[in-house]
Amino acid sequence: MEFPSELKTKLKFSNKVLALTGAGISAESGVPTFRGKEGLWKQYRAEELATPQAFSKDPKLVWEWYLWRMELISEKSPNPAHFALAELEKIKSDFFLITQNVDGLHKRSGSEKLIEIHGNIFRNRCTKCGRSSASDLTKLKQSTECGSCSSLVRPDVLWFGESYDTNLLQRAIELAADSEIVLVIGSSGAVGIPVELARIAKENGAFVIEINIDPSGYSRYADLFLQGKAGEILPNILPYFK
Ligand code: OAD
(Lines give C-alpha, C1' and ligand atoms only; values in the text may rest on other atoms or scores of the structure.)
Protein backbone atom coordinates (compact mmCIF):
# COMPACT_ATOMS: atom_id res chain seq x y z
CA MET A 1 0.00 0.00 0.00
CA GLU A 2 1.46 3.34 -1.07
CA PHE A 3 0.29 6.70 0.31
CA PRO A 4 0.91 10.25 -0.97
CA SER A 5 3.76 12.01 0.81
CA GLU A 6 1.47 14.52 2.57
CA LEU A 7 -0.47 11.64 4.16
CA LYS A 8 2.74 9.83 5.10
CA THR A 9 3.86 12.96 6.97
CA LYS A 10 0.51 13.18 8.75
CA LEU A 11 0.61 9.53 9.85
CA LYS A 12 4.17 9.83 11.03
CA PHE A 13 3.92 13.08 12.98
CA SER A 14 0.37 13.04 14.41
CA ASN A 15 0.35 11.75 17.96
CA LYS A 16 -3.32 11.98 18.86
CA VAL A 17 -4.58 8.84 17.21
CA LEU A 18 -7.94 7.35 18.09
CA ALA A 19 -9.07 3.91 16.93
CA LEU A 20 -12.75 3.07 16.96
CA THR A 21 -13.45 -0.62 16.46
CA GLY A 22 -16.47 -2.84 15.89
CA ALA A 23 -17.23 -6.51 15.45
CA GLY A 24 -15.44 -6.66 12.07
CA ILE A 25 -12.03 -6.47 13.75
CA SER A 26 -12.74 -9.77 15.49
CA ALA A 27 -14.21 -11.48 12.42
CA GLU A 28 -10.82 -12.90 11.40
CA SER A 29 -10.49 -14.37 14.90
CA GLY A 30 -13.64 -16.35 14.14
CA VAL A 31 -16.06 -14.29 16.25
CA PRO A 32 -19.26 -13.80 14.22
CA THR A 33 -20.20 -10.17 13.56
CA PHE A 34 -23.68 -9.04 14.59
CA ARG A 35 -25.00 -8.19 11.17
CA GLY A 36 -23.02 -10.66 9.07
CA LYS A 37 -24.28 -13.98 7.73
CA GLU A 38 -23.34 -15.82 10.91
CA GLY A 39 -24.80 -13.15 13.21
CA LEU A 40 -27.93 -15.15 13.89
CA TRP A 41 -28.16 -17.45 16.88
CA LYS A 42 -30.93 -20.02 16.49
CA GLN A 43 -33.49 -17.83 14.69
CA TYR A 44 -32.75 -14.70 16.72
CA ARG A 45 -31.01 -11.47 15.72
CA ALA A 46 -28.89 -9.63 18.30
CA GLU A 47 -31.47 -6.83 18.45
CA GLU A 48 -34.06 -9.34 19.66
CA LEU A 49 -31.93 -10.70 22.51
CA ALA A 50 -29.69 -7.83 23.63
CA THR A 51 -32.48 -5.80 25.20
CA PRO A 52 -33.78 -5.30 28.76
CA GLN A 53 -37.23 -6.38 27.50
CA ALA A 54 -35.94 -9.70 26.15
CA PHE A 55 -34.12 -10.32 29.44
CA SER A 56 -37.21 -9.59 31.59
CA LYS A 57 -39.33 -11.81 29.38
CA ASP A 58 -36.95 -14.76 29.14
CA PRO A 59 -33.69 -14.39 31.11
CA LYS A 60 -32.86 -18.06 30.52
CA LEU A 61 -32.92 -17.62 26.74
CA VAL A 62 -30.83 -14.44 26.84
CA TRP A 63 -28.29 -16.08 29.18
CA GLU A 64 -28.17 -19.12 26.92
CA TRP A 65 -27.16 -16.86 24.03
CA TYR A 66 -24.51 -15.07 26.11
CA LEU A 67 -23.08 -18.33 27.47
CA TRP A 68 -22.85 -19.60 23.89
CA ARG A 69 -21.03 -16.41 22.83
CA MET A 70 -18.73 -16.52 25.88
CA GLU A 71 -17.82 -20.11 25.17
CA LEU A 72 -17.18 -19.37 21.50
CA ILE A 73 -15.07 -16.28 22.25
CA SER A 74 -13.00 -17.97 24.94
CA GLU A 75 -11.81 -20.46 22.30
CA LYS A 76 -10.68 -17.64 19.97
CA SER A 77 -7.52 -15.54 19.96
CA PRO A 78 -6.68 -11.97 18.97
CA ASN A 79 -5.69 -11.59 15.31
CA PRO A 80 -3.06 -9.39 13.58
CA ALA A 81 -5.46 -6.41 13.58
CA HIS A 82 -5.78 -6.47 17.39
CA PHE A 83 -2.01 -6.83 17.74
CA ALA A 84 -1.38 -3.96 15.31
CA LEU A 85 -3.48 -1.63 17.50
CA ALA A 86 -1.67 -2.79 20.63
CA GLU A 87 1.57 -1.89 18.87
CA LEU A 88 0.22 1.48 17.69
CA GLU A 89 -0.44 2.30 21.35
CA LYS A 90 3.31 1.94 21.94
CA ILE A 91 4.21 4.07 18.92
CA LYS A 92 1.89 7.04 19.56
CA SER A 93 2.04 8.73 22.96
CA ASP A 94 -1.56 10.00 22.69
CA PHE A 95 -3.15 6.89 21.26
CA PHE A 96 -6.50 5.68 22.52
CA LEU A 97 -8.81 2.86 21.55
CA ILE A 98 -12.59 2.86 21.88
CA THR A 99 -14.21 -0.46 21.10
CA GLN A 100 -17.83 -1.46 20.76
CA ASN A 101 -16.76 -5.05 21.15
CA VAL A 102 -17.54 -6.93 24.32
CA ASP A 103 -15.26 -9.86 23.45
CA GLY A 104 -12.20 -8.72 25.43
CA LEU A 105 -9.84 -9.52 22.52
CA HIS A 106 -8.24 -6.05 22.56
CA LYS A 107 -7.22 -6.54 26.20
CA ARG A 108 -5.92 -10.00 25.42
CA SER A 109 -3.76 -8.58 22.62
CA GLY A 110 -2.17 -6.11 25.03
CA SER A 111 -4.12 -2.87 24.52
CA GLU A 112 -4.30 -0.87 27.72
CA LYS A 113 -5.50 2.59 26.71
CA LEU A 114 -8.90 1.19 26.02
CA ILE A 115 -12.55 2.03 26.57
CA GLU A 116 -14.97 -0.87 26.16
CA ILE A 117 -17.92 1.39 25.52
CA HIS A 118 -20.47 -1.47 25.30
CA GLY A 119 -19.06 -3.38 28.29
CA ASN A 120 -17.43 -6.80 28.48
CA ILE A 121 -19.14 -10.14 28.06
CA PHE A 122 -16.86 -11.73 30.66
CA ARG A 123 -18.31 -9.59 33.44
CA ASN A 124 -21.75 -9.76 35.01
CA ARG A 125 -23.69 -7.52 37.33
CA CYS A 126 -26.55 -8.07 39.72
CA THR A 127 -29.92 -6.70 38.58
CA LYS A 128 -30.74 -5.84 42.20
CA CYS A 129 -27.67 -4.89 44.23
CA GLY A 130 -25.54 -3.91 41.21
CA ARG A 131 -22.49 -5.93 42.29
CA SER A 132 -20.23 -6.45 39.32
CA SER A 133 -18.04 -9.57 39.05
CA ALA A 134 -15.83 -11.40 36.60
CA SER A 135 -17.85 -14.15 34.96
CA ASP A 136 -17.00 -17.79 35.48
CA LEU A 137 -18.54 -19.71 32.61
CA THR A 138 -18.79 -23.02 34.47
CA LYS A 139 -20.47 -21.41 37.50
CA LEU A 140 -22.82 -19.32 35.36
CA LYS A 141 -23.97 -22.43 33.54
CA GLN A 142 -25.15 -23.75 36.91
CA SER A 143 -26.52 -20.57 38.40
CA THR A 144 -27.12 -16.97 37.39
CA GLU A 145 -27.76 -15.86 40.98
CA CYS A 146 -25.81 -13.04 42.60
CA GLY A 147 -23.24 -14.25 45.16
CA SER A 148 -24.28 -11.44 47.54
CA CYS A 149 -28.06 -11.12 47.37
CA SER A 150 -29.14 -14.17 45.29
CA SER A 151 -30.98 -12.00 42.76
CA LEU A 152 -30.54 -12.52 39.05
CA VAL A 153 -27.28 -11.35 37.47
CA ARG A 154 -27.06 -10.08 33.89
CA PRO A 155 -24.19 -9.67 31.45
CA ASP A 156 -22.35 -6.41 32.14
CA VAL A 157 -22.90 -5.08 28.63
CA LEU A 158 -24.91 -2.28 27.12
CA TRP A 159 -28.19 -3.40 25.62
CA PHE A 160 -30.28 -1.76 22.94
CA GLY A 161 -32.40 0.98 24.46
CA GLU A 162 -30.04 1.50 27.43
CA SER A 163 -28.05 4.65 28.09
CA TYR A 164 -24.29 4.85 27.80
CA ASP A 165 -22.30 5.33 30.99
CA THR A 166 -22.12 9.14 31.20
CA ASN A 167 -18.47 9.34 32.25
CA LEU A 168 -17.28 6.91 29.60
CA LEU A 169 -19.28 8.68 26.92
CA GLN A 170 -17.95 12.09 27.97
CA ARG A 171 -14.40 10.78 27.82
CA ALA A 172 -15.06 9.24 24.39
CA ILE A 173 -16.44 12.54 23.06
CA GLU A 174 -13.41 14.44 24.38
CA LEU A 175 -11.04 11.94 22.77
CA ALA A 176 -12.89 12.18 19.45
CA ALA A 177 -12.92 15.98 19.49
CA ASP A 178 -9.22 16.15 20.31
CA SER A 179 -7.90 13.55 17.87
CA GLU A 180 -5.77 14.23 14.80
CA ILE A 181 -6.29 10.87 13.15
CA VAL A 182 -9.22 8.51 13.64
CA LEU A 183 -9.17 4.92 12.45
CA VAL A 184 -12.66 3.43 12.16
CA ILE A 185 -12.30 -0.32 11.85
CA GLY A 186 -14.89 -3.02 11.16
CA SER A 187 -18.09 -1.36 12.25
CA SER A 188 -21.32 -1.13 10.28
CA GLY A 189 -22.48 2.13 11.81
CA ALA A 190 -25.82 0.63 12.80
CA VAL A 191 -25.47 2.07 16.32
CA GLY A 192 -25.77 5.86 16.46
CA ILE A 193 -23.38 6.99 19.20
CA PRO A 194 -20.15 5.50 17.78
CA VAL A 195 -20.99 7.10 14.40
CA GLU A 196 -21.46 10.40 16.26
CA LEU A 197 -17.92 10.03 17.62
CA ALA A 198 -16.60 9.82 14.05
CA ARG A 199 -18.67 12.86 13.07
CA ILE A 200 -17.40 14.86 16.06
CA ALA A 201 -13.81 13.94 15.22
CA LYS A 202 -14.27 14.92 11.60
CA GLU A 203 -15.92 18.24 12.50
CA ASN A 204 -13.03 19.03 14.80
CA GLY A 205 -10.49 18.53 12.04
CA ALA A 206 -9.44 14.89 12.40
CA PHE A 207 -8.37 12.89 9.36
CA VAL A 208 -10.68 9.87 9.31
CA ILE A 209 -9.47 6.58 7.87
CA GLU A 210 -11.97 3.76 7.57
CA ILE A 211 -10.99 0.11 7.22
CA ASN A 212 -13.84 -2.21 6.29
CA ILE A 213 -14.61 -4.89 3.75
CA ASP A 214 -17.67 -2.82 2.71
CA PRO A 215 -18.74 0.81 2.96
CA SER A 216 -20.64 1.58 6.17
CA GLY A 217 -22.57 4.25 8.03
CA TYR A 218 -19.20 5.89 8.84
CA SER A 219 -18.03 6.13 5.24
CA ARG A 220 -19.50 9.60 4.69
CA TYR A 221 -17.01 10.92 7.29
CA ALA A 222 -14.02 9.03 5.91
CA ASP A 223 -11.22 10.99 4.23
CA LEU A 224 -9.72 7.68 3.20
CA PHE A 225 -11.53 4.38 2.79
CA LEU A 226 -9.32 1.31 2.81
CA GLN A 227 -11.38 -1.60 1.60
CA GLY A 228 -10.37 -5.01 2.85
CA LYS A 229 -9.77 -7.14 5.90
CA ALA A 230 -8.58 -5.37 9.05
CA GLY A 231 -6.14 -8.20 9.81
CA GLU A 232 -4.41 -7.61 6.50
CA ILE A 233 -4.62 -3.80 6.16
CA LEU A 234 -3.69 -2.72 9.70
CA PRO A 235 -0.34 -4.56 9.90
CA ASN A 236 0.42 -3.21 6.41
CA ILE A 237 -0.14 0.45 7.26
CA LEU A 238 1.44 0.28 10.73
CA PRO A 239 4.96 1.20 9.50
CA TYR A 240 3.62 4.56 8.25
CA PHE A 241 2.85 5.58 11.86
CA LYS A 242 6.47 5.16 12.94
P1 OAD B 1 -21.73 -5.21 12.84
O2 OAD B 1 -21.92 -6.68 12.84
O3 OAD B 1 -22.95 -4.37 12.71
O4 OAD B 1 -20.76 -4.80 11.65
C5 OAD B 1 -19.56 -5.45 11.40
C6 OAD B 1 -18.81 -4.66 10.35
O7 OAD B 1 -17.53 -5.26 10.16
C8 OAD B 1 -19.47 -4.60 8.97
O9 OAD B 1 -19.46 -3.26 8.50
C10 OAD B 1 -18.59 -5.50 8.09
O11 OAD B 1 -18.52 -5.06 6.75
C12 OAD B 1 -17.24 -5.33 8.78
N13 OAD B 1 -16.29 -6.45 8.61
C14 OAD B 1 -16.55 -7.78 8.62
N15 OAD B 1 -15.41 -8.48 8.52
C16 OAD B 1 -14.40 -7.58 8.47
C17 OAD B 1 -12.97 -7.68 8.40
N18 OAD B 1 -12.36 -8.87 8.34
N19 OAD B 1 -12.25 -6.54 8.38
C20 OAD B 1 -12.86 -5.33 8.43
N21 OAD B 1 -14.19 -5.17 8.51
C22 OAD B 1 -14.95 -6.28 8.53
O23 OAD B 1 -20.89 -4.86 14.16
P24 OAD B 1 -20.74 -3.48 14.92
O25 OAD B 1 -20.70 -2.33 13.98
O26 OAD B 1 -19.63 -3.64 15.88
O27 OAD B 1 -24.02 -3.34 20.29
O28 OAD B 1 -22.08 -3.43 15.71
C29 OAD B 1 -22.28 -2.38 16.60
C30 OAD B 1 -23.03 -2.80 17.80
O31 OAD B 1 -24.26 -3.42 17.44
C32 OAD B 1 -22.37 -3.83 18.67
O33 OAD B 1 -21.43 -3.33 19.54
C34 OAD B 1 -23.52 -4.36 19.42
C35 OAD B 1 -24.37 -4.63 18.23
O36 OAD B 1 -25.59 -5.06 18.37
C37 OAD B 1 -24.58 -3.61 21.46
O38 OAD B 1 -24.68 -4.74 21.85
C39 OAD B 1 -25.04 -2.41 22.22
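This is a predicted model: local features need pLDDT of at least 70, side-chain atom pairs count only at pLDDT 80 or more; totals for chains, interfaces and linings use all residues.
Residues are numbered from 1 along each chain as its sequence is written, and side-chain values use heavy atoms, with hydrogens and water left out.

I then checked glutamine 100, where a backbone N or O atom lies 3.2 Å from an oxygen atom of the ligand, and asparagine 212, whose side chain places an N or O atom 2.6 Å from a ligand oxygen. On its own the ligand has 790 Å² of accessible area, and the protein covers 92% of that (Shrake-Rupley method, 1.4 Å probe).

I counted 21 residues around the ligand, of which Ala23, Arg35, Ser187, Ser188 and Asn212 come nearest; a residue belongs here if one of its heavy atoms lies within 4 Å. By type, I recorded eight nonpolar, 10 polar and three charged residues in this shell, with Asp, Glu, Lys and Arg taken as charged and Gly among the polar ones.

**Serine 219**

I located serine 219 in the loop between β8 (207–212) and β9 (224–227), strands being DSSP runs of E with at least two residues. Setting aside residues up to four places away in sequence, I found that serine 219 touches Glu210 and Phe225, contact meaning heavy atoms within 4.5 Å. Its side chain reaches the backbone nitrogen of serine 216 at 2.7 Å.

How values were computed:
Helices (H or I, at least four residues) and strands (E, at least two) are DSSP runs, numbered from the N terminus. A polar contact is a pair of N or O atoms within 3.5 Å; within protein, one must be able to donate a hydrogen and the other to accept it, and residues adjacent in sequence count only if both atoms are side-chain atoms.
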